[in-house]
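Thanks for asking me to look this one over. Here are my notes, in the order in which I would go through the model with you.

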Amino acid sequence: MTATYLPNFSHLYVERAARTHPAAQRLFERFSRARIVAIDDYRSVFNRRGQAFREQKRSVKLILAVKQEPFIYPGSHYAPDFDQPNFCYNAMILNCIYDCEYCYLQGMYSSANIVVFVNTKPFFDAADKIRKERGSIYLCVSYDTDLLAFENIIPYCREWIEWAVDRPDALLEIRTKSANFRAIADLPAPSNVILAWTLSPHDVCLAHEQRTPRLAARLAAANDAIQRGWRVRLCIDPILQIRDWRAVYSALVDQIFGAVAAESVDDFSIGVFRMNQDYLDRIRRSRETSVLAHYPFANTKKMSTYAADVREDMLDHVKHRILSYAPAARVYCH
Ligand code: SF4
């Protein structure tokens, strides 16, 4: 018998302290038919042990919460800093509306439900504090989620872009797999905001990136942003060692440069699959039949990835293909 599931966001779990925040009010209006469940602390729902991540993904609930310190974190060594000093990230939303098979969030969190922190001001204050103390900040605001994919529900990208406008000592990165550029297309393009699209071959999108927009849609959104003067970073990450990977990733690069002008891209970021070993172990337990998750990766320093020679080969191949179109491009490899 097939199970039936409630639609996404049928329930809002709401911390009592979160109720009066404007962002919470906005979500109450947006999901006016949702059942509201009052809670004291989001962690009692989100961090509860023994939750079935894969089951929850079929019917995701929203949890509205008030974040306590810290509001900003030093950049992770799994993530590139693009040679920028004072690399930090924050997480105003935890979890994602997409469902990529390789997503580390399913190893990091016990729950697939989505937490939205509604007390936004301390996040901005924390970024300002670092900016003033250290003279600059490179801030990634879309790391443990896809913030632009969520923009029609809660416009946090807009708020960050507006924050950045008169802070030339701040550099923002908004990373996404969405095609939702139109949600912010009316804003002027600040020179200190980078929109970073993660791109995968069409067949990888279909097979491993459930619910995400297809490659062509992401490329069209990226090109739209470029045409309107935005700085755009293109990321091919993770590169997967799938069958015929050389031909598949060559074709991806060809398709990218068929859609965007080579010199119009700010930079490129490429990386092979890599993940904290503990997270991967958890994913393997919940995705017993996933060939991707059960690949015999090499483990070094608690990180699971391809063997060093394979990794180098993959990065070299993709980098050279990019440089064949854009010889002067900055290509960061991870
Ligand atoms: S888009 Fe990113 S954050 Fe969202 S499920 Fe995929 S890998 Fe995870």
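1. A residue is called buried here if 20 or more other C-beta atoms lie within 10 Å of its own, exposed if 12 or fewer, and partly exposed in between. By that count, strand S9 (residues 137-140) is covered on both faces. Ile 137 and Leu 139 are buried on one side, and Tyr 138 and Cys 140 are buried on the other. Please keep in mind that this is a predicted model.

2. What does S9 pair with? Strand S5 (residues 87-89) is joined to S9 by three bridges, and the two run parallel. Within that pairing, Tyr 89 stands opposite Cys 140. S9 is also joined to strand S10 (residues 170-176), by four bridges and again in parallel. There, Tyr 138 has Leu 171 as its bridge partner.

3. Next, have a look at the open sheet of five strands, ordered S2-S1-S3-S8-S6 with mixed pairing. Strand S2 (35-39) and strand S6 (93-94) are at the edges with a single partner strand each, so one side of each has no neighbour in the sheet. Helix H1 (residues 22-30) packs on this sheet, where it touches strand S1 (11-15), strand S3 (62-65) and S8. The direction of H1 makes about 155 degrees with that of S3.

4. S3 deserves a paragraph of its own. S1 and S3 pair in the parallel sense over three bridges, with Tyr 13 opposite Ile 63. Four bridges join S3 to S8, also in parallel, and Ala 65 stands opposite Phe 117. Side chains in a regular strand alternate between the two faces of the sheet. In S3, Leu 62 and Leu 64 point one way while Ile 63 and Ala 65 point the other way, and all are buried.

5. Leu 94 has Val 115 in S8 as its bridge partner.

6. Which residues touch the most other members of the largest nonpolar core? They are Ile 63, Leu 64, Val 115, Val 116 and Leu 172, in a core of 89 residues. Nonpolar side chains tend to be buried together in soluble globular proteins. Beyond its neighbours within four places in sequence, Leu 172 is in contact with Leu 139, Val 141, Trp 160, Ala 164, Asn 192, Val 193 and Ile 194.

7. Asn 95 sits in the loop between S6 and strand S7 (99-100). Is Asn 95 buried or exposed? It counts as buried, because it has 27 C-beta neighbours inside 10 Å. Apart from residues within four places in sequence, Asn 95 is in contact with Leu 105, Tyr 109, Ala 112, Asn 113, Ile 114, Val 115 and Thr 145.

8. Now for the ligand. The residues around it are Cys 96, Tyr 98, Asp 99, Cys 100, Cys 103, Leu 105, Thr 145, Asp 146 and Lys 177. By class, this shell has five nonpolar, one polar and three charged residues. Leu 105 and Thr 145 are also among the contacts of Asn 95.

9. Two peptide bonds are worth checking by eye. The bond from Glu 69 to Pro 70 is cis, with omega near 0 degrees, and Pro 70 is in the loop between S3 and strand S4 (73-74). A cis bond also joins Asp 237 and Pro 238, with omega about 10 degrees; Pro 238 lies in strand S13 (residues 231-239).

10. Two residues other than glycine have a positive phi. Phe 82, in the loop between S4 and S5, has a phi of about 55 degrees. Phe 82 counts as partly exposed because 19 C-beta neighbours lie inside 10 Å. For Asp 244, phi is near 55 degrees. Asp 244 belongs to the loop between S13 and helix H9 (245-259), and it is exposed, with 10 other C-beta atoms within 10 Å.

11. Lastly, three strands form an open antiparallel sheet in the order S15-S17-S16. Its edge strands are S15 (274-276) and S16 (298-300), each pairing on one side only. The twist from one strand to the next averages 30 degrees. S15 pairs with strand S17 (residues 303-305) over three bridges, and Asn 276 stands opposite Met 303. Helix H10 (residues 277-286) lies across S15, S16 and S17, at about 90 degrees to S15.

Key. Residues numbered from 1 in each chain as written. Predicted model: local features only at pLDDT ≥ 70, side-chain atom pairs only at ≥ 80, totals over all residues. Pairing = 2+ DSSP bridges. Axes fitted to C-alpha atoms, helices over the stretch in contact; angles between N-to-C directions. Contact = placed C-beta atoms within 7 Å. Near = placed C-beta within 6 Å. Nonpolar A, V, L, I, M, F, W, Y, C, P; charged D, E, K, R; others polar. Core = buried A, V, L, I, M, F, W, Y, C linked by C-beta atoms within 7 Å.
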